[in-house]
Amino acid sequence: MSASDPSVLVIGCGSIGERHVRTFLATGRAGVVGCDSRAAVREDMTNRYGIEAVSDWVPVLENPAVSGVVIATPAQSHMEIAIRCLQAGRHVLIEKPLALSLADTDRLVAARDRARRFAGVAYVLHFVPALQAARQFIQAGSLGPVRHVAVNTGQHFPFFRPAYREIYYRDRAQGGGAIQDALTHMANAIEWIVGPTTRVFCDAAHQVLEGVTVEDTVNATARNGPALVSYALNQFQAVNETRWDFHADTGSVRVEMNAQRWGVLARGETEWKWHAAPLAERDQIYAAQAAAFLDGTEGKPNPLCTLEEGIQTLRFNLAALQSWSENRPILP
Ligand SMILES: NC(=O)c1ccc[n+]([C@@H]2O[C@H](COP(=O)([O-])OP(=O)(O)OC[C@H]3O[C@@H](n4cnc5c(N)ncnc54)[C@H](O)[C@@H]3O)[C@@H](O)[C@H]2O)c1
């Protein structure tokens with residue numbers, strides 16, 4: 001990092017915010033200032049990463065060296081913070097889900113356009129190497145249009161997120177529950193690959209997780225233009241696995257996230273042709289996302305989820321919740 005490199009302000013240094021702190025530092029292209037309302041978290045950031053950590057983000061916007069802001073607070077505060085940061089002329093990277101309603105999305109887009117700053121949404125699956133490669137292959141079109149997609153995903157939340165009972169996850173009004181917390185990642189990835197969702201029919205339930213009442217299990221069927229999509233997701237299964245199957249006119253593509261590979265089976269063949277797409281460690285995709293954000297702030301092309309795509313996935317989340325509660329298909 002050189003003295004002229006910008007600094008990034010990370011607001012909310014909890015579970016994912018800490019990862020942003022670490023991975024922005026790992027890019028070697030930016031300094032980091034942390035902000036958290038909890039004193040113990042601030043102390044931790046300073047002790048572990050040697051960064052300044054403050055309790056109030058507003059005065060930090062007076063510092064001209066801070067050119068970008070990562071918003072990693074629970075979802076109900078994303079919009080207000082993002083709009084104020086854009087109005088102060090800062091680039092923003094906003095955690096998912098973008099928000100809990102569509103109420104302020106027009107204001108957010110207007111603030112970005114008026115400020116002429118870069119804004120992205122942290123749907124980090126855009127940086128999974130196997131998914132990136134499969135997307136490129138599918139979109140090149142050699143198998144024809146995708147007609148049917150099946151997404152199967154789950155993990156044991158008590159192992160991966162032991163604090164799930166204490167954080168936003170326990171409360172849908174803070175962005176909690178499996179639909180807004182986890183299904184949203186899958187829906188955004190599918191929209192990124194095959195196009196926006198045009199219809200959703202969703203069922204969900206609290207099946208297993210102790211100490212919460214929000215849904216931990218979801219089945220959804222959707223249409224994304226000409227493609228029919230099914231999602232099966234839970235947050236209690238023993239095995240940590242995510243698999244995407246894309247069936248096109250003349251063949252199929254499979255992505256196995258945990259095996260870090262993707263494969264193609266064209267009609268007439270009997271064996272998958274696998275391609276390895278290794279991930280050295282989990283931080284790698286977040287460091288790639290951080291670098292993409294810095295590229296975006298410099299006007300360079302990058303694969304980050306755009307605001308428009310984040311708003312589209314917010315429509316999916318809201319449609320899925322409405323479909324579940326009203327027991328009918330919804331057009332997002
Ligand atoms: N992309 C991913 O892989 C991923 C993973 C986990 C969480 N998330 C998202 O990131 C967001 C945060 O999730 P988390 O798991 O880190 O939650 P968390 O509860 O662990 O951390 C949130 C932190 O924000 C702080 N905070 C809240 N309001 C604040 C404010 N106004 N000013 C300063 N600090 C404030 C809290 O003290 C807390 O430390 C959520 O929107 C969540 O959906 C994304």
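A word on the model first. It is predicted, so local features need pLDDT of at least 70, side-chain atom pairs count only at pLDDT 80 or more, and totals for chains, interfaces and linings use all residues. Residues are numbered from 1 along each chain as its sequence is written.

I start with the ligand. There are 26 residues around it, and Gly12, Gly14, Ser15, Ile16 and Glu95 come nearest; a residue is near a molecule if its C-beta atom, placed from the backbone, lies within 6 Å of it. Helix 1 (residues 15-27) gives the most to this shell, three residues. Helices here are DSSP runs of H or I with at least four residues, strands are runs of E with at least two, and both are numbered from the N terminus.

Seven strands form an open sheet in the order 3-2-1-4-5-6-15, with mixed pairing. Strand 3 (52-54) and strand 15 (305-306) are at the edges with a single partner strand each, so one side of each has no neighbour in the sheet. Two strands pair if DSSP finds at least two bridges between them. Strand 4 (residues 66-71) and strand 5 (residues 91-94) pair in the parallel sense over four bridges, and Gly68 stands opposite His91 in strand 5.

Last, helix 3 (residues 78-87). Its buried residues include His78, Met79 and Ile81; buried means 20 or more other C-beta atoms, placed from the backbone, within 10 Å of the residue's own. After helix 3 comes Gly89, with a positive phi near 80°.

How values were computed: Buried ≥ 20, exposed ≤ 12 C-beta atoms within 10 Å, placed from the backbone.
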